[in-house]
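Let's take a walk through a protein model together. Keep the 3D view open and follow along as we go.

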Amino acid sequence: MRSARPAIGLPARFLVWDALRLPELGDESDTVLDSGLFHVFDDDDRARYVAALAAAITPQGRYYMLCFSERQPGTLGPHRVSQQEIKAAFAPPDWRIDAIDAVPLDTNMDQVGVHAWRASITRNERER
Ligand SMILES: C[S@@+](CC[C@H](N)C(=O)[O-])C[C@H]1O[C@@H](n2cnc3c(N)ncnc32)[C@H](O)[C@@H]1O
């Protein structure tokens, strides 16, 4: 575990942690940024990751994600993900998809950026 506080005075905690074990932190966040993690998981771990996010994001909290899209040719690198797979993973009642946009994602694979999806997703209120 590493921790640090930035000079601007806002409290922050930096951790090296398994994203599949987020609930074990006993903490909730209102915003989660995912750059290139969702697309590394296979189907089983994808489901575990989404369940971990559901437990770790506050109701009405937001999850922003960048992942390779199925429009990206070839097989080098992470899984290609379709919009339908994103919608299936983040389905009601736990989630609401606010937007999925096609964007270029800068990587060290080429000079132009790969085809990617940028998804904005809201954690719905938990049912009582
Ligand atoms: C495709 S890289 C993206 C790296 C960086 N976030 C970026 O945008 O360039 C995926 C990263 O996810 C990390 N990773 C894979 N499984 C993980 C897990 N279960 N928990 C936390 N990080 C994980 C890998 O170590 C790797 O650094």
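Here is a short tour, starting with some ground rules and then moving through the sheet, a few residues and the ligand.

## Ground rules

This is a predicted model: local features need pLDDT of at least 70, side-chain atom pairs count only at pLDDT 80 or more, and totals for chains, interfaces and linings use all residues. Residues are numbered from 1 along each chain as its sequence is written.

Now for the pairs. β1 and β2 (residues 57-68) run parallel and are joined by six bridges, and T31 stands opposite R62 in β2. Between β1 and β2 the chain passes through helix α1 (residues 43-56), and this β-α-β crossover is right-handed. That word means that, with the strands pointing away from the viewer, the path from the first strand over the helix to the second runs clockwise. β2 also has seven bridges to β4 (residues 114-123), and these two run antiparallel. In β4, Y63 has I121 as its bridge partner, while F68 stands opposite A116.

## Residues to click on

P23 sits in the segment before β1 (29-35). The cut-offs: with C-beta atoms placed from the backbone, a residue is buried if 20 or more others lie within 10 Å of its own, exposed if 12 or fewer, and partly exposed in between. P23 touches A52, A55 and A56, leaving aside residues up to four places away in sequence; contact means C-beta atoms, placed from the backbone, within 7 Å. P23 and L53 are 30 residues apart in sequence, yet 7.9 Å apart in space, C-alpha to C-alpha.

Strand β2 holds T58 and Q60. T58 is partly exposed because it has 13 C-beta neighbours inside 10 Å, and Q60 is exposed because it has 11. Q60 also has a phi near 75°, a positive value in a residue other than glycine. Not counting residues up to four places away in sequence, T58 touches E28, S29, D30 and R123.

One more stop: the peptide bond from P92 to P93 is cis, with omega near 5°. P93 lies in the loop between α2 (83-89) and β3.

## Around the ligand

Which residues surround the ligand? They are D18, A19, L20, S35, G36, L37, V40 and P78. A residue is near a molecule if its C-beta atom, placed from the backbone, lies within 6 Å of it.

By class, this shell has five nonpolar, two polar and one charged residues. Ala, Val, Leu, Ile, Met, Phe, Trp, Tyr, Cys and Pro count as nonpolar, Asp, Glu, Lys and Arg as charged, and the others, Gly among them, as polar.

Conventions. Helices (H or I, at least four residues) and strands (E, at least two) are DSSP runs, numbered from the N terminus. Two residues are in contact if their C-beta atoms, placed from the backbone, lie within 7 Å. Two strands pair if DSSP finds at least two bridges between them.
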